[in-house]
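Let's take a friendly walk through a protein fold. Have a look at the picture below, and then we will explore it together.

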Amino acid sequence: MSRTIRVGIGGPIGCGKTELIEKLVPKFVSQGFKVGVISNDVYSKEDARRLAKRLGEDIINPKLIIGIETGGCPHTAVRDDPSMNIDAAERLEAENPGLDLILIESGGDNITLTFSPRLADFFIYMVDVSGGDKTIRKGGLGIKNCDILVINKIDLAPYVETTIPESGIKTANLGLMVEDGKKVRGDKPIVLTSLKNNEGVDELVKIIRERALFR
């Protein structure tokens, strides 16, 4: 019997990983999918508590949200030794027959974060515009290897100075970020989002359905 599809979500602290889950879960639930969530943090289960509170029992049973305190480097818990996360995913699957999708949020980390294939079948990596338009240009395993690259907080672009002033553009250049992403990633999807304004969420759901759930 095949296991539930597991989608990893990684990216630096503050890029919007938890908010992304808050947006994705209701979308998938409304489409008839049964969703579980695993949230990793180094020293707390705050994100898991936030998700349960913000989503509410009418959207997801709190028992379908598991918080993990990794106690160390976020890389270890999702890449090098993902045993805690694998145990949590298997527990969700065993206790919730018919589970379609498990979203696994990593602890905040840098552009080198990836997910072990033992843990996740599909991997989303997030960056946000507030860090400047140089982030993707720097590359990194997360940006290069993820199945979907999400560039979040596009609504902030007019307020962030560009890192290439000689371009004649004074603010963060979204076009340049996408161009840099294509150089690093080839044809793999790049989705621009403003989670605050729900921009890009439907496109992201569509790609996850096509490339992860129904592949």
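## A first pairing

With which residue does R6 form a salt bridge? The partner is E93, and their closest N and O atoms are 3.3 Å apart. A salt bridge here is a side-chain nitrogen of Lys or Arg within 4 Å of a carboxyl oxygen of Asp or Glu. R6 lies in strand β1 and E93 in helix α4 (residues 83-95), so the pair ties together parts that are 87 residues apart in sequence. Helices (H or I, at least four residues) and strands (E, at least two) are DSSP runs, numbered from the N terminus.

## About the model

This is a predicted model, where local features need pLDDT of at least 70 and side-chain atom pairs count only at pLDDT 80 or more, while totals for chains, interfaces and linings use all residues. Residues are numbered from 1 along each chain as its sequence is written, and side-chain values use heavy atoms, leaving out hydrogens and water.

## The sheet

Seven strands make an open, parallel sheet in the order β3-β2-β4-β1-β5-β6-β7; two strands pair if DSSP finds at least two bridges between them. Because β3 (65-69) and β7 (190-192) stand at the edges with a single partner strand each, one side of each has no neighbour in the sheet.

By the salt-bridge rule, the count comes to ten. K27 pairs with D202, with the closest N and O atoms 2.7 Å apart. This pair links helix α1 to helix α7 (residues 201-213), 175 residues apart. E22, R50 and R54 are linked in a network of salt bridges.
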